[in-house]
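These are my notebook entries on a structure that is new to me. I record what I looked up, entry by entry.

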Amino acid sequence: MSQDCAKSVLVALGGNLHRSTEAPEVTISRALKALDVRGLPVLRASKLYRTPSFPAGNGPDYVNSAACMTLRQDQSAQDILTILHEIEAEFGRTRTERWAGRTLDLDLLAMSDSILPDRESQARWRELSLTDQMQQSPDQLILPHPRMQDRAFVLVPLADVAPNWVHPVLNLSVLQMLARCPAEDVAQVTPFSALAQ
């Protein structure tokens, strides 16, 4: 685990809907500043990436990023989740249906090496089929995020900011998890600058 991300918060940022006239990449940039203001100082933020919607065909392409933030000793996982949800709401996020398009999505991926609520719950949600994932959502926070290891659109940006962070259940670094992702999934995560070319 890299020293500066050993005691930190890892967050995935994404969006695929405009907020009024504000494009998703602008919203993500502003959300990173809002994290700083709200007590989660950003140590590092990844480049922006363009990724197809998930599940496939479920709306416009996403803009994705990741951030590594300083964890204060007095912050609980619930404190952090509350801040993330408040920022999402400030930027027009509404929760109507699972995996619907959104102006801003802030996913708490990990908090240091915490496993919440326990290994059994983490394993249950991690091993859920895609069909069940689409129909069920946990009623409590699961950390690390139970599907981060399966999602190139999370791992590619995360490798920019915390490549050596080790998943406390899987005992794999971000780079190792990324290497296990299907090559076609990784190839679909393209640097945002490619949009202008």
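I began with Gln75, whose side chain reaches the backbone oxygen of Gly39 at 3.2 Å. I count such a pair as a polar contact when N or O atoms lie within 3.5 Å, one able to donate a hydrogen and the other to accept it; within protein, residues adjacent in sequence count only if both atoms are side-chain atoms. The model is predicted, so local features need pLDDT of at least 70 and side-chain atom pairs pLDDT 80 or more, while totals for chains, interfaces and linings use all residues. Residues are numbered from 1 along each chain as its sequence is written, and side-chain values use heavy atoms, without hydrogens and water.

I then located Gln75 in the loop between strand 4 and helix 3; helices (H or I, at least four residues) and strands (E, at least two) are DSSP runs numbered from the N terminus. Is Gln75 buried or exposed? Gln75 is buried, at a relative accessible area of 7%; buried means under 20%, exposed over 50% and partly exposed in between, with a 1.4 Å probe and protein chains only. Leaving out residues up to four places away in sequence, I found Gln75 touching Gly39, Leu40, Thr70, Ile80 and Ile83, where contact means heavy atoms within 4.5 Å.

In helix 2, I noted Pro24, Thr27, Ile28, Ala31, Leu32, Ala34 and Leu35 as buried. Seen down the helix axis, these buried residues fall within an arc of 160°, so they line one face; the arc is taken from the directions from the axis to the C-beta atoms. The face turned away carries the exposed residues Lys33 and Val37. Among the elements covering the buried residues of helix 2, I listed strand 1, strand 2 (42–45), strand 4 and helix 3.

I next examined the largest nonpolar core, which has 24 residues, with Val11, Leu13, Leu84 and Ile87 making the most contacts inside it. Such a core is a set of buried Ala, Val, Leu, Ile, Met, Phe, Trp, Tyr and Cys residues joined through side-chain atoms within 4.5 Å. A second, separate core of 23 residues includes Leu10, Leu109, Val154 and Val156.

Finally, I recorded the chain as a whole: eight helices and six strands, with buried residues making up 48% of its 197 residues.
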